[in-house]
Amino acid sequence: MNQGPTTQFSLPFPVCPSTIVMGIKYNMAIGLNKGHRTIPLKAGRKNRPTRRRGALTKHARFVRDLVREITGFAPYERRMQELLRIQKDKRALKFAKRRLGSHIRAKRKREEMQAVLQKMRKAQKEQK
């Protein structure tokens with residue numbers, strides 16, 4: 001039986017010589033320091049491309065704005081706008097929570113609708 005390169009202890013099972021040469025950290029096949037030798041990332045984990053997943057790009061923002069302009073608002077969004085116009089913020093939040101399924105999503109949607117209403121008021125003021 002081939003035991004591979006000589007070590008300080010003998011293993012109870014045969015070890016392939018290529019595994020010891022290629023990747024064992026400290027010439028041991030078992031224990032805490034076994035395994036493939038690795039090096040830390042230079043830039044670090046925080047700068048990996050997967051960290052920016054979901055961030056809005058200029059093009060995505062443009063496309064969403066275009067779609068919103070063409071299609072308009074969903075019926076539940078129009079109802080939310082009506083509730084917000086008559087100062088029923090809490091009722092609008094509850095309504096959105098029922099429609100969207102989560103409190104955080106509802107808060108985000110309420111903020112979005114308030115911003116739209118503000119924009120509409122500002123546009124009306126500029127027309128006059």
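Tutor: Start with a term: a nonpolar core is a set of buried Ala, Val, Leu, Ile, Met, Phe, Trp, Tyr and Cys residues joined through side-chain atoms within 4.5 Å. Keep in mind that this is a predicted model.

Student: OK, which residues are in the largest nonpolar core?
Tutor: That core has eleven residues: Tyr76, Met80, Leu83, Leu84, Ala92, Leu93, Phe95, Ala96, Ala106, Met113 and Leu117.

Student: And which elements give two or more residues to this core?
Tutor: Helix H3 (75-85), helix H4 (89-100) and helix H5 (103-127) do.

Student: What is Met113 in contact with, leaving aside its neighbours within four places in sequence?
Tutor: Phe73, Glu77, Met80, Gln81 and Leu84.

Student: Now the helix pairs. At what angle do H3 and H4 pack?
Tutor: The angle is about 165°, and the axes are 8 Å apart. Angles over 145 degrees count as roughly antiparallel, so H3 is roughly antiparallel to H4. Their crossing is left-handed.

Student: Which residues make that contact?
Tutor: H3 contributes Tyr76, Arg79, Met80, Leu83 and Leu84, while H4 contributes Asp89, Arg91, Ala92, Phe95, Ala96, Arg99 and Leu100. By class, the contact of H3 with H4 has eight nonpolar, no polar and four charged residues.

Student: What about the angle for H4 and H5?
Tutor: Those two pack at about 125°, with axes 8 Å apart, which makes H4 oblique to H5. The crossing of H4 and H5 is right-handed.

Student: Who takes part on the H4 side?
Tutor: Asp89, Leu93, Ala96, Lys97 and Leu100 of H4 meet H5 residues including His103, Ala106 and Gln114. The contact of H4 with H5 divides into four nonpolar, two polar and six charged residues.

Note on methods: Residues numbered from 1 in each chain as written. Predicted model: local features only at pLDDT ≥ 70, side-chain atom pairs only at ≥ 80, totals over all residues. Heavy atoms only, no water. Buried < 20%, exposed > 50% of the residue type's maximum accessible area, 1.4 Å probe, protein only. Helix = DSSP H or I, 4+ residues; strand = E, 2+ residues; numbered from the N terminus. Contact = heavy atoms within 4.5 Å. Axes fitted to C-alpha atoms, helices over the stretch in contact; angles between N-to-C directions. Parallel < 35°, antiparallel > 145°, perpendicular 65-115°, else oblique. Left-handed = near helix turned anticlockwise from the far one by under 90°. Nonpolar A, V, L, I, M, F, W, Y, C, P; charged D, E, K, R; others polar.
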